[in-house]
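I opened a new chain today and kept notes as I went. Here is the structure I looked at.

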Amino acid sequence: VLNHDIDIPENKSIEGHHVSNEIKRFHKALELCETELSSLVEKLKKAGQFAASEILSAQILILKDKTFINNVKSMVENDKINIENSIYTVIRNYISRFLQLEDETFRQRAMDIKDVGHRILEKLAGSTMPNSLTYESILVTEELYPSFTVRFNEGDILGIITHRGGKTSHAAIIARNMGIPAVSGVNHEQFSIQTGDILIIDGITGKVFKNPSEEMIKEYQQEKISYNNLLSSVSEIKTESATTKEGVPIRLGANVNGVNDIPVAIKNKACMVGLLRTEYFYLTKKELPNEEELYNHYKQIMDSMGAKSINIRLLDIGGDKNVSFLAFPEEANPFLGYRSIRYLLDHREILIPQLKAILRVAAKGNINILVPMISTIQEIRKIKLLINEAIELLEKEQQEHNPDIPFGIMIE
């Protein structure tokens with residue numbers, strides 16, 4: 001069980017002649033942090049963990065941010081407060097502001113800032129977090145800093161259990177890309193989890209078992225062996241060409257939710273994005289994303305995939321995927337009811353911006369439109385008319401787009 005929250009530093013007033021020394025200590029700590037993070041970034045790149053390396057590269061930018069540096073120095077120079085408390089106060093103000101933002105992407109930045117603040121204070125105190133564990137362990141903590149997982153030697157961490165944070169958090173993304181099972185939403189104090197307890201963590205179902213029976217331990221040991229055997233068999237064949245016995249080539253693509261899934265897709269030799277589930281971008285929002293947000297999201301994924309094709313599925317919402325800011329009626333069988341294309345055709349304010357964003361990004365790469373859950377020929381005719389309408393709007397706006405974008409359907 002790990003507690004690595006930022007301790008509140010002692011608030012000390014300093015004399016004017018100590019100010020320059022406090023500023024020097026601050027700059028020295030920043031240099032040490034940058035060196036350490038740069039080393040971790042290179043380590044991650046060599047291991048093919050590109051999503052994790054980008055997250056930590058962004059933390060280096062925080063260290064270099066002039067506004068952040070000047071705010072800290074201002075407190076020391078003007079308020080005559082020691083450097084530790086100045087950093088703590090500025091970091092807390094940043095965290096508070098980011099957590100008030102509605103965009104989940106920006107809210108995730110709060111944890112990056114907290115991570116950076118913890119690292120700076122650690123350097124000022126002359127302490128260092130361990131980079132290895134005495135034995136292989138499951139880490140249990142309130143929340144996990146993005147950089148914390150990569151500090152340890154490979155194989156030291158068997159799993160991660162946190163109270164706060166979810167699958168879109170930067171720490172969760174890093175753990176997932178490193179193949180470490182993680183479960184969030186577990187209050188270790190409520191369940192009285194202590195260091196030394198035997199735990200089973202099931203990253204697939206999200207279940208955690210404390211001090212399980214011998215029978216359950218044997219059952220999950222067998223599950224782990226079977227899962228590892230499956231991964232090994234897949235790893236052995238992933239570099240082979242996908243062809244039928246008759247020699248017909250088959251293109252194998254990856255199903256992705258966003259840009260953070262692309263490194264895994266590339267690592268596993270996916271020749272394309274077979275399905276981009278666009279609904280997951282909406283699920284991270286508190287309000288309907290606009291055309292520009294959607295365009296930037298799709299372009300980031302396209303840039304990550306290079307010249308490989310991407311099938312962008314129109315918003316498939318409803319059933320088990322309801323968005324907080326969209327209203328759906330109660331139905332006996334929502335999976336086959338008012339969802340997906342049937343919902344989109346009635347909500348042009350959602351569909352048209354998405355179509356325009358896809359058409360725009362299609363001018364720059366190998367992009368296809370995929371229409372989900374088609375059940376009648378009338379639905380195909382209606383969506384084609386709306387695609388043409390989106391094209392006309394882009395022509396009037398003189399926006400670059402691809403009017404000849406390939407079009408496909410999922411048949412219900």
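**Ground rules**

I am reading a predicted model, where local features need pLDDT of at least 70, side-chain atom pairs count only at pLDDT 80 or more, and totals for chains, interfaces and linings use all residues. I number residues from 1 along each chain as its sequence is written, and side-chain values use heavy atoms, with hydrogens and water left out.

**Whole chain**

I began with the secondary structure. The chain has 14 helices and 10 strands. These are DSSP runs, numbered from the N terminus: helices are H or I with at least four residues, strands are E with at least two.

Next I looked up burial. Of the 412 residues, 45% count as buried. Buried means under 20% relative accessible area, exposed over 50%, and partly exposed in between, with a 1.4 Å probe and protein chains only.

The accessible surface comes to about 22100 Å². Carbon and sulfur atoms hold 51% of that surface. The areas come from the Shrake-Rupley method with a 1.4 Å probe.

Then I turned to contacts, meaning heavy atoms within 4.5 Å. Among contacts with a separation of 6 or more, 62% join residues 24 or more positions apart.

**Cores**

Which residues touch the most other members of the largest nonpolar core? They are Ile310, Leu314, Leu355 and Ile367, in a core of 47 residues. Helix H13 (residues 348-361) gives the most to this core, with eight residues. I noted a second, separate core of 38 residues, which includes Ile14, Ile55, Ile113 and Val116.

A nonpolar core here is a set of buried Ala, Val, Leu, Ile, Met, Phe, Trp, Tyr and Cys residues joined through side-chain atoms within 4.5 Å. In soluble globular proteins, nonpolar side chains tend to be buried together.

I followed Ile310 further. Leaving aside neighbours within four places in sequence, Ile310 is in contact with Val273, Leu276, Ile301, Met302, Met305, Asn366, Ile367 and Asn368.

**Helix pairs**

I stayed with H13 and checked its partners. The axes of helix H11 (residues 291-305) and H13 come within 8 Å and cross at roughly 40°. The two helices are therefore oblique to each other. Axes are lines fitted to C-alpha atoms, for helices over the stretch in contact, and angles run from 0 to 180 degrees between N-to-C directions. Under 35 degrees counts as roughly parallel, over 145 as roughly antiparallel, 65 to 115 as roughly perpendicular, and the rest as oblique.

The crossing of H11 and H13 is right-handed. In a right-handed crossing the near helix is turned clockwise from the far one by less than a right angle; anticlockwise makes it left-handed. On the H11 side, the meeting residues include Leu294, Tyr298 and Met302. On the H13 side, they include Gln354, Ala357 and Val361.

H13 also crosses H14 (377-396). Those axes come within 9 Å and cross at roughly 65°. This crossing too is right-handed. Leu351, Leu355 and Leu359 are among the H13 residues that meet H14. Ile383, Leu386 and Ala390 are among the H14 residues there.

I then checked a pair earlier in the chain. Helix H1 (residues 19-46) and helix H4 (residues 83-99) have axes that come within 10 Å and cross at roughly 60°. H1 and H4 are therefore oblique to each other. Glu22, Arg25 and Phe26 of H1 make the contact with Ile83, Glu84 and Ile87 of H4.

**Single residues**

Is Gln354 buried or exposed? It sits in helix H13. At 0% relative accessibility, Gln354 counts as buried. Beyond four places in sequence, its contacts include Thr278, Tyr282, Leu294 and Arg313.

Leu345 is in helix H12 (residues 340-345). It is buried, with a relative accessible area of 18%. Leu345 and Glu379 are 34 residues apart in sequence, yet 8.2 Å apart in space, C-alpha to C-alpha. Not counting residues up to four places away, Leu345 touches Glu379, Lys382, Ile383 and Leu386.

Lys167 lies in the loop between strand S2 (157-162) and helix H7 (170-177). At 55% relative accessibility, Lys167 counts as exposed.

Last, I looked up Gln398. Its phi is near 55°, a positive value in a residue other than glycine. Gln398 lies in the loop between helix H14 and strand S10 (407-411). It is exposed, with a relative accessible area of 74%.
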